[in-house]
Amino acid sequence: MSLYVYVEPDEARRTEVGPAFREVGCTMLTSMADLETHLPRYPETILVILGATVDLGEALMFTAYQRLQRPLIGVVLIRRVIEPQVVLECLRSGVREIVDEADNDGLRAATVRSVDLSKALSSTLRGTAEQAPYARVITLFAGKGGCGRSMVAANLAVALAGGARRVLLIDLDLQFGDVAIMLRLSPDRNIAGGLSMSGRLDEPGLRSIISSHRTGLDALLAPPSPAEGERVSREFIVELLDVARPLYDYIVVDTPAVVTDQVLAALDMSDWFIPIVTPDLPTLKSVRLTSEMFDLLDYPKERRLLVFNRANTQVGLTPQDVEEAVGMPFAVQVPSSRDVPVSVNQGEPLTMTDPMHPVSRAIRELADRCSGVTTEPVKERKFFGIRRPAK
Ligand SMILES: Nc1ncnc2c1ncn2[C@@H]1O[C@H](COP(=O)(O)OP(=O)(O)OP(=O)(O)O)[C@@H](O)[C@H]1O
Ligand SMILES: [Mg+2]
């Protein structure tokens with residue numbers, strides 16, 4: 001999550017004010033070029049502060065463009081000298097506030113006003129969470145193979161697509177992906193087909209490599225051969241997600257048992273993190289380690305929904321033991337059932353063929369958690385009028 005950004009090319013100023021801004025969750029960038037790559041990855045951004053040494057022409061062009069592309073973003077421009085002509089140009093391009101570099105109180109007040117305005121605009125524009133302009137990215141993971149990631153991913157995607165929502169399921173298990181089998185789709189169209197468009201992928205290009213499932217769900221399948229999977233770069237995953245996010249309500253990402261570069265790219269852009277555990281110690285240990293890594297990477301805790309798969313398996317571990325071992329409570333418990341492998345072998349997700357099955361019900365509960373719950377930022381501290389977002 002990155003709601004606030006400050007572009008400051010001047011190293012001395014960055015050293016002086018950077019820590020205080022970082023403290024309130026503001027991302028510090030050094031150039032407008034960095035800002036250009038940052039924004040598509042963090043579409044939730046609502047405040048951009050442009051330092052006094054950012055070229056005025058560049059700042060105004062950026063602001064005028066964003067006013068149409070991302071109207072929620074408020075631009076606060078810092079200058080060393082504020083001339084009437086500059087103020088006029090700023091007003092014309094849509095800069096929300098222009099502040100003297102020496103005026104810290106003025107900067108604080110300007111950021112507060114801009115953030116408040118963006119939030120008010122956001123609730124007006126969005127209306128309901130369902131109409132969010134960008135897909136929510138939901139990434140499933142587990143540190144061990146065979147935990148049920150792909151089964152949960154396929155069923156979760158089907159469950160989400162049930163509400164006439166636009167859903168894309170991406171198979172990031174690029175070597176041994178199973179989504180094609182689980183949905184009985186031909187892997188002819190797959191992610192590797194997009195590699196020739198890398199760097200210039202657009203909506204028609206993306207659509208040309210997507211497969212449609214009869215539930216209305218779209219799937220971006222893994223390549224049929226592991227060698228092709230190796231050619232898919234982290235940058236290409238970022239590009240794919242950037243192009244796909246405005247086109248869908250939800251993007252569900254299935255992953256391999258190892259956290260690859262491509263998986264990290266998807267995790268960096270995720271709104272929900274879904275660890276899956278089964279009641280066996282090696283899996284629990286690996287999920288705990290992954291969770292600790294997520295703490296280091298600052299992925300918000302309240303965005304993690306732990307799934308306990310095969311919850312009713314009698315192996316001498318209670319649900320409490322499992323929660324304690326992983327260090328977080330369950331969001332849902334999915335029972336073990338022989339109907340699961342049967343449905344996998346038939347390529348027909350249970351949520352589609354038997355919506356009242358206990359497994360389907362558990363996964364629908366997970367879908368509800370991903371679609372219905374909004375988490376408000378927790379008030380931790382206030383500085384420059386900006387509240388640090390909850391971690
Ligand atoms: N709740 C369940 N009840 C019974 N069988 C299950 C359940 N969940 C998963 N399975 C079975 O476990 C096997 C592994 O499931 P799945 O392929 O979804 O796991 P995975 O974590 O994606 O594995 P991989 O590491 O191979 O990608 C499948 O045969 C599936 O049918
Ligand atoms: Mg799998």
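At what angle do the axes of helix H12 and helix H13 cross? I looked this up first. The model is a predicted one.

**Entry: H12 and H13**

I took H12 as residues 281-297 and H13 as residues 319-326. Their axes cross at roughly 35 degrees and come within 8 Å. I then listed the residues in the contact. H12 brings Leu284, Val287 and Arg288. H13 brings Val322, Glu324, Ala325 and Val326. I sorted these residues by type: five are nonpolar, two are charged and no polar residue takes part.

**Entry: H3 and H4**

Next I checked helix H3 (residues 56-69) against helix H4 (residues 84-93). The two axes lie 8 Å apart, and the packing angle is about 25 degrees. Angles under 35 degrees count as roughly parallel, so H3 and H4 are roughly parallel to each other. From H3, I noted Leu56, Leu60, Thr63, Ala64 and Arg67 in the contact. From H4, I noted Val86, Glu89, Cys90, Arg92 and Ser93. The residues of this contact divide into five nonpolar, two polar and three charged.

**Entry: ligand 1**

Which residues are closest to ligand 1? I found Gly148, Arg149, Ser150, Met151 and Arg310. In total, 18 residues surround the ligand.

I went through polar atom pairs next. A polar backbone atom of Gly148 is 2.9 Å from an oxygen atom of ligand 1. For Met151, a polar backbone atom sits 2.8 Å from an oxygen atom of the ligand. With Asn309 the side chain is involved: one of its polar atoms lies 2.9 Å from a nitrogen atom of ligand 1.

How much of the accessible area of ligand 1 does the protein cover? I read 81% of the 640 Å² that the ligand has on its own. I also asked which elements give two or more residues to the shell. They are helix H6 (149-161) and helix H14 (339-346). By type, I counted seven nonpolar, seven polar and four charged residues in the shell around ligand 1.

Definitions and conventions. Residues are numbered from 1 along each chain as its sequence is written. Chains are lettered from A and ligands numbered from 1 in the order in which they are written. This is a predicted model: local features need pLDDT of at least 70, side-chain atom pairs count only at pLDDT 80 or more; totals for chains, interfaces and linings use all residues. Side-chain values use heavy atoms; hydrogens and water are left out. A residue is near a molecule or strand if one of its heavy atoms lies within 4 Å of it. A polar contact is a pair of N or O atoms within 3.5 Å; within protein, one must be able to donate a hydrogen and the other to accept it, and residues adjacent in sequence count only if both atoms are side-chain atoms. Accessible areas come from the Shrake-Rupley method with a 1.4 Å probe; for residues, only the protein chains shown count as cover. Helices (H or I, at least four residues) and strands (E, at least two) are DSSP runs, numbered from the N terminus. Ala, Val, Leu, Ile, Met, Phe, Trp, Tyr, Cys and Pro count as nonpolar, Asp, Glu, Lys and Arg as charged, and the others, Gly among them, as polar. Axes are lines fitted to C-alpha atoms, for helices over the stretch in contact, and angles run from 0 to 180 degrees between N-to-C directions. Angles under 35 degrees count as roughly parallel, over 145 as roughly antiparallel, 65 to 115 as roughly perpendicular and the rest as oblique. Contact means heavy atoms within 4.5 Å.
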